[in-house]
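Hello,

Here is the structure I promised to pass on. Please have a look, then read the notes below it.

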Amino acid sequence: MIDPLGPLVAPFVEFGFMRRALAGCLALSVSAPPVGVFLTLRRMSLMSDAMSHAILPGAAAGFLVAGLSLPAMTLGGLVAGLAVALLAGAVTRATTVREDANLAAFYLISLAGGVLLVSLRGSQIDLMHFLFGSVLALDDAALWLLGGISTLTLVALAAIYRPLVMECVDPLFLRTVSRSGGPVHLAFLALVVVNLVGGFQALGTLLAVGLMLLPAVAARFWTRDLGGLIPVSMLIAALASVSGLSLSYQLDLPSGPAIVLAAGALYLASMLAGPRGGLLRRLVRARHLEA
Amino acid sequence: MSAGHGSPDPIRLVGLTLGYDRHPAIHHLDGTVRAGDLLALVGPNGAGKSTLLKGMAGEIPCLDGRIERAAAVAYMPQADEIDRSFPLSVMDLAGMGLWRRAGAWRSLGRHRRAIEAALAAVGLDGFEARSIGTLSGGQFRRALFARLILQDCSVILLDEPFTGIDTRTVDDLLALIRSWHAEGRTVVAALHDLAQVRAHFPTTLLLAREAIAWGATARVLTSENLARVRNLSEAWDEAAPVCAGPRADVPHDHGAHGHHHHEDAA
């Protein structure tokens, strides 16, 4: 092929299932990274990892009831994730133990419960599906779900943007001027859960976190302000989706890990070449200014 | 919006006990902060100054008694919980003060002038686009004062607002506080610098977990009162019995004297 973009584009031109996979991943690429940007800015990066484990028992319960059914497993995952988020939030408010500790406690309980459920009736293969998803087998329902989650996330983020930023920067101030801090925090946790549940259809629970966080962290090497971080992180996620899917097709690799590895490669490249604190920039010491 | 004299008392403390783990940090405090008061809270570490301000701001629940607030309160804590690594501009930080008027969705665009004026009033003109992480300690304090200006509350609570700030900035901020006082706003500030209190604050509450004296600054900050305050034991008594109620020798209920100024309670 002479066209340099050929190998990148060809699989999507040729195969419907690749186009579906791309559509699903792009939907996830505009919704998960902004959530990840707020998570990293709040120093809650690892919280999304905990939440991704927390939704497992719900999805497993859905699987036990209805088999490999999208609505049942999605609903189960949502219920389990929101329950862990709400419980951790409520215990944090009612006691003096911090939220990260409570979240760790609840997600471990939830994860152990999930593994128990899966082992009660299931094989190792089912567990692999939970963890690594099946982006190449997205049906209409799954695509609608991903599109819906993407829409919901963007609308909700726009609606709570200002109090969410205030809650991140100065929670005490928000408490003194408004009661919206608690609801906004919970709404944000719900968005994390919703995106992880959406992501685990496509990429699996573990890798959904990758598309949420890697672009968000990589974006910090390109821009400093919030208005730049969100679009840059979306762009990086979209690039990772296209190149990851394409590579997985060309080299016959599993698609979920390929997408996340592509995002990881973009993170490493950003870390090296990014203009905001990238490693290469550090080697060249710029002359200081007069004032 | 100014709360002139004759407005209802903005803050009344009734048999107020505040504390942590049942141990009182403020014990059976009665009194009234009157509209237009410029009140200094003075006392040693552990006397309950910050606790009282937190209580007035609604940050901590009362262990006993109650706080009656008549108006919205602006509160500047001693140790703020602000994440200064967050990518936020000075303009946006100050603009948070507009929450009551702009809420979650209304545009801040038409308030741009007001934000710039508030930043200019604290000597931060030209800093609008700077990220909050690049400010020095004093500049950051000024930005928080700009936010207080924009909050435009009739009651302002300040917890050690001048700690670690250079004298020029302190003078500027004191001038700002005096202008608030002149506008009829009520200001309560926890302070350690007695000379500053004597020079700028007409009324003082001397605290040592209980009110030692509350009234005109000159009559409160006497050497006798200050000596009594120094005897405060900071440590909790883990075996302390349950409090049976206010002791007879502790003066309280300044509010009963009507609308005159507090008298020296000692």
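Just after helix α4 of chain B, G123(B) takes a positive phi of about 80°. This is a predicted model, in which local features need pLDDT of at least 70, side-chain atom pairs count only at pLDDT 80 or more, and totals for chains, interfaces and linings use all residues. Residues are numbered from 1 along each chain as its sequence is written, while chains are lettered from A and ligands numbered from 1 in the order in which they are written.

Now α4(B) itself. Helices here are DSSP runs of H or I with at least four residues, strands are runs of E with at least two, and both are numbered from the N terminus. α4(B) covers residues 112-121, and I115(B), A118(B) and L119(B) are buried in it. Buried means 20 or more other C-beta atoms within 10 Å of the residue's own; 12 or fewer is exposed, anything in between is partly exposed, and C-beta atoms are placed from the backbone. The three lie on the same side of α4(B), because they cover an arc of only 100° around the axis. That arc is taken from the directions from the helix axis to the C-beta atoms. The buried residues of α4(B) pack against α2 (90-95) and α5 (137-151) of chain B.

Next, α5(B) and its partner α6(B), residues 167-182. They pack at an angle of about 10°, with their axes 11 Å apart. α5(B) is therefore roughly parallel to α6(B), a label for angles under 35 degrees. In this contact (C-beta atoms, placed from the backbone, within 7 Å), G138(B), R141(B), R142(B) and F145(B) of α5(B) meet T169(B), L173(B) and L176(B) of α6(B). The contact residues divide into 3 nonpolar, 2 polar and 2 charged.

On to chain A. It has 14 helices and 0 strands. Its C-alpha atoms fill a box of roughly 65 × 65 × 30 Å along the principal axes. Of its 291 residues, 48% count as buried. Among contacts in chain A between residues at least 6 apart in sequence, 72% join residues at least 24 apart.

One helix of chain A deserves a look: α3(A), residues 45-54. Here 7 of the 10 residues are buried, so α3(A) is largely enclosed by the rest of the structure. The buried ones are M47(A), S48(A), A50(A), M51(A), S52(A), H53(A) and A54(A).

Best wishes

Conventions: Contact = placed C-beta atoms within 7 Å. Axes fitted to C-alpha atoms, helices over the stretch in contact; angles between N-to-C directions. Parallel < 35°, antiparallel > 145°, perpendicular 65-115°, else oblique. Nonpolar A, V, L, I, M, F, W, Y, C, P; charged D, E, K, R; others polar.
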